[in-house]
Amino acid sequence: MKEQNGEVAVEERERPVPGMGQVLIRVHACGVCHSDLGLLQGGFPFAQFPIVPGHEVAGTVEEVGEGVEWPQTGDRVGMPWLYSSCGHCEQCTRGEEVLCQVAPQVTGITQDGGYAEFMLAPAAYVAPIPDALDFADAAPLMCAGLTVYNGLKNARFEPGQRVAIIGLGGLGHLGVLYARAMGARVAVLSSSPDKEDEAKNLGAEQFISESGAALSEALLDWEGGANVILATAPSSESMTDALPGLAPDGTLVVLGAAAGEISVSPMDLIGARRHLIGSPSGSRKDIRDALNLAAAHNIRPRITRRPLEEAADVLDEMNERRLRGRVVLNIG
Ligand SMILES: [Zn+2]
Ligand SMILES: [Zn+2]
């Protein structure tokens with residue numbers, strides 16, 4: 001991507017050489033995240049154009065720079081959203097480096113990412129990919145999987161609780177899979193009634209396609225409401241509609257970067273002590289946990305494989321809402 005709203009094109013470049021503390025990753029697969037479209041459309045004012053997008057990277061270490069003890073050449077690794085952080089602020093030193101406000105770098109937004117045959121990454125920020133996951137299945141977990149896993153964790157989810165997931169796209173379907181693997185009962189909220197079969201096949205016990213007050217009422221009818229709502233669809237309206245459907249002490253987690261505003265009546269928050277939080281992707285411990293959970297529970301994202309050369313088409317199709325599941329670019 002050369003500039004905001006500019007052309008997306010493949011170009012020949014010199015193979016990068018890893019510097020001190022860096023590794024060169026030979027990319028095998030890179031997921032296409034909704035944020036990549038957001039980047040193109042100007043949603044990230046801190047982006048550094050021209051930029052190679054892609055923060056759902058899975059590949060092998062091709063070469064290591066000076067001072068790198070781990071990983072080694074040939075190791076299977078991935079890169080998530082967080083490219084690096086300052087390392088010394090309060091957030092970094094308590095293991096929450098994804099919240100670093102001092103010097104956060106973002107893969108594929110401020111540093112070249114994975115829509116490429118090779119990319120550089122700081123050795124300290126790559127994640128090992130478990131042997132049980134192939135590259136194409138691991139790629140969407142680096143952002144989408146991590147985001148839903150960590151959203152549940154930040155909502156203090158406990159096994160057996162009722163989790164409602166707004167949207168059944170690239171993020172939402174992984175929300176169902178992770179929530180089920182973590183022991184949740186799941187409802188899917190979607191404005192597309194034709195997604196009911198897919199939701200049930202993924203393991204949801206409820207499918208709700210109402211909107212407005214009927215949506216929160218349908219949720220409250222589900223044994224008193226959802227303990228957690230994961231809002232994956234970028235719709236402030238559906239978040240507003242769903243919030244009063246939380247059970248007492250329940251939490252709505254905003255994951256989808258929606259335009260507009262969420263509105264909530266203070267009484268709806270106070271009376272049942274409901275929580276409204278946002279949750280970004282996750283830190284290094286979180287991506288390890290999310291990958292290990294996927295390996296242990298056989299979580300496999302629904303993916304469509306496309307060649308790198310079709311990246312521009314894929315972003316067009318995403319913009320026109322023509323994609324289902326997650327697209328993974330096959331590289332190398
Ligand atoms: Zn993403
Ligand atoms: Zn920091």
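Reader: How many Å separate the centres of domain 1 and domain 2?

Author: In this predicted model, where local features need pLDDT of at least 70 and side-chain atom pairs count only at pLDDT 80 or more, while totals for chains, interfaces and linings use all residues, 25 Å separate the two centres, taken over C-alpha atoms. Residues are numbered from 1 along each chain as its sequence is written, and chains are lettered from A and ligands numbered from 1 in the order in which they are written. Domain bounds come from an automatic or database domain assignment, which here gives domain 1 as 22-142 + 282-330 and domain 2 as 145-278.

Reader: How many residues does the contact take from domain 1 and from domain 2?

Author: Two residues are in contact if their C-beta atoms, placed from the backbone, lie within 7 Å; on that basis domain 1 gives 19 residues and domain 2 gives 11. On the side of domain 1 that touches domain 2, the elements giving two or more residues are α1 (34-40) and α10 (284-296), and α10 supplies the largest share, 5 residues. Helices (H or I, at least four residues) and strands (E, at least two) are DSSP runs, numbered from the N terminus.

Reader: How should I read a sheet, and in what order do the 6 strands of the open sheet stand?

Author: Strands of a sheet pair through backbone hydrogen bonds, either parallel or antiparallel. Two strands count as paired if DSSP finds at least two bridges between them, and in this case the order is β10-β9-β8-β11-β12-β13, with parallel pairing. Because β10 (206-208) and β13 (275-278) stand at the edges with a single partner strand each, one side of each is left without a neighbour in the sheet. Within the sheet, β11 (residues 226-231) and β12 (residues 246-254) pair over 5 bridges in the parallel sense, and Ala226 stands opposite Leu246 in β12.

Reader: Which strands does helix α5 lie across?

Author: Angles run from 0 to 180 degrees between N-to-C directions, and axes are lines fitted to C-alpha atoms, for helices over the stretch in contact. Helix α5 (residues 172-181) lies across β8 (162-166), β9 (185-189) and β11, and runs at about 170 degrees to β8.

Reader: Is Gln48 buried or exposed?

Author: A residue is buried if 20 or more other C-beta atoms lie within 10 Å of its own, exposed if 12 or fewer, and partly exposed in between, with C-beta atoms placed from the backbone. Gln48 has 12 such atoms within 10 Å and is therefore exposed; its place is in the loop between α1 and β2 (57-64).
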